[in-house]
Amino acid sequence: MRNDSRGTLELVLAMVLSGTLGVFVVESGASPFTVVFFRCVFGALALGAYSLARGYFTGHGLTPRTLGLAALGGAFIVLNWVLLFEAYRVTSISFATVVYHTQPFFLVLLGAVVLRERIGAGRIGWLAVAFAGLVLVSGIRPGDTASLAGLGLALGAAVLYALSTVVTKRITGVRPHLIALVQVTVGIPLLLPFADFGEAARLGAGWGWLAGLGLIHTGVMYVLMYAAYAKLPTPKIAVIAFTYPAVAMGVDWAVYGHHIGPLQALGVPLIVLASLRVTLPARRPAVPRPLPVRAGGPAPRTAGHAPEAASPAATRSA
């Protein structure tokens with residue numbers, strides 16, 4: 001199997017697993033803090049065992065600075081999970097997932113504020129389109145406190161995810177598996193005071209769903225994602241990532257009968273299109289081809305100095 005095809009399969013599988021995450025959260029029957037705490041426990045075991053088996057702890061590249069950044073990103077990521085899982089509880093998996101996918105826009109805004117990155121007029125326009133889509137998707141009516149609470153929780157989760165991304169982007173020379181391991185490990189002491197162990201003792205079959213969140217949706221899913229990221233160009237990753245909300249909405253409808261209304265559905269393509277336009281790299285202007293050399297005429301000075309064809313690696317990094 002070609003490298004590109006293998007990466008595509010790995011990322012699609014990872015996104016399909018992401019789409020089933022909400023069912024595992026709901027079926028566990030535990031509160032969001034308890035769910036995330038045990039996701040961190042089982043996830044740390046899974047990622048730790050994988051990293052040990054692959055020898056990633058040798059020459060790990062972690063320094064006090066990178067370890068601190070990974071820990072800070074971990075605090076943001078686990079709190080993001082808490083808010084998202086609470087949004088599942090008060091609204092629906094479909095609604096929370098669609099709203100949560102406004103995270104690329106918060107990443108753009110945070111990049112402008114924190115990293116002083118310039119936002120072009122085009123991106124501002126697509127942010128406006130995404131906001132219009134968000135208004136339609138929310139479908140909030142006067143007195144609809146549940147949807148309003150779910151909207152706020154999902155948006156808060158998106159902001160925290162964007163913050164984690166901004167922090168994690170500053171880490172270099174460390175394998176992403178080890179960064180993820182640090183992040184979920186940080187979640188254990190962070191959420192320990194809030195986990196309800198009395199509730200956990202009464203879960204029964206819910207323990208299987210909690211273990212699945214850590215072993216499958218954290219261990220296996222992250223390994224698949226990171227393997228795919230190394231093989232695929234950014235535009236393809238951005239497109240395939242929308243398998244996640246599509247699967248989540250389908251699963252929510254199939255299992256719980258939840259779906260967004262016709263008016264809300266109009267906002268989904270607006271958010272998807274705007275997110276792709278913000279996420280995908282800007283298309284570079286085409287390089288004009290050199291004029292053909294007339295027979296018998298002098299060769300242009302640039303002849304013989306044409307650039308070599310870019311390698312696949314160079315093309316992807318662009």
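Modeller: Contact here means heavy atoms within 4.5 Å. This is a predicted model, in which local features need pLDDT of at least 70 and side-chain atom pairs count only at pLDDT 80 or more, while totals for chains, interfaces and linings use all residues. Residues are numbered from 1 along each chain as its sequence is written, and side-chain values use heavy atoms, with hydrogens and water left out.

Colleague: Which residues account for the contacts in the protein chain with a separation of 6 or more?

Modeller: Residues 24 or more positions apart account for 89% of those contacts.

Colleague: What does the secondary structure of the chain come to?

Modeller: There are 15 helices and zero strands, where helices (H or I, at least four residues) and strands (E, at least two) are DSSP runs numbered from the N terminus.

Colleague: Why are α1 and α11 called roughly antiparallel?

Modeller: Helix α1 (residues 3-19) and helix α11 (residues 206-229) pack at an angle of about 150°, on a scale that runs from 0 to 180 degrees between N-to-C directions, with axes fitted to C-alpha atoms over the stretch in contact. Angles under 35 degrees count as roughly parallel, over 145 as roughly antiparallel, 65 to 115 as roughly perpendicular and the rest as oblique, and α1 and α11 are therefore roughly antiparallel.

Colleague: Which residues make the contact between them?

Modeller: Among them are Gly7, Glu10 and Leu11 of α1 and Ile216, His217 and Val220 of α11.

Colleague: How many residues of the 318 in the chain are buried?

Modeller: Buried residues (under 20% relative accessible area, with a 1.4 Å probe and protein chains only, against over 50% for exposed and in between for partly exposed) make up 44% of the 318.
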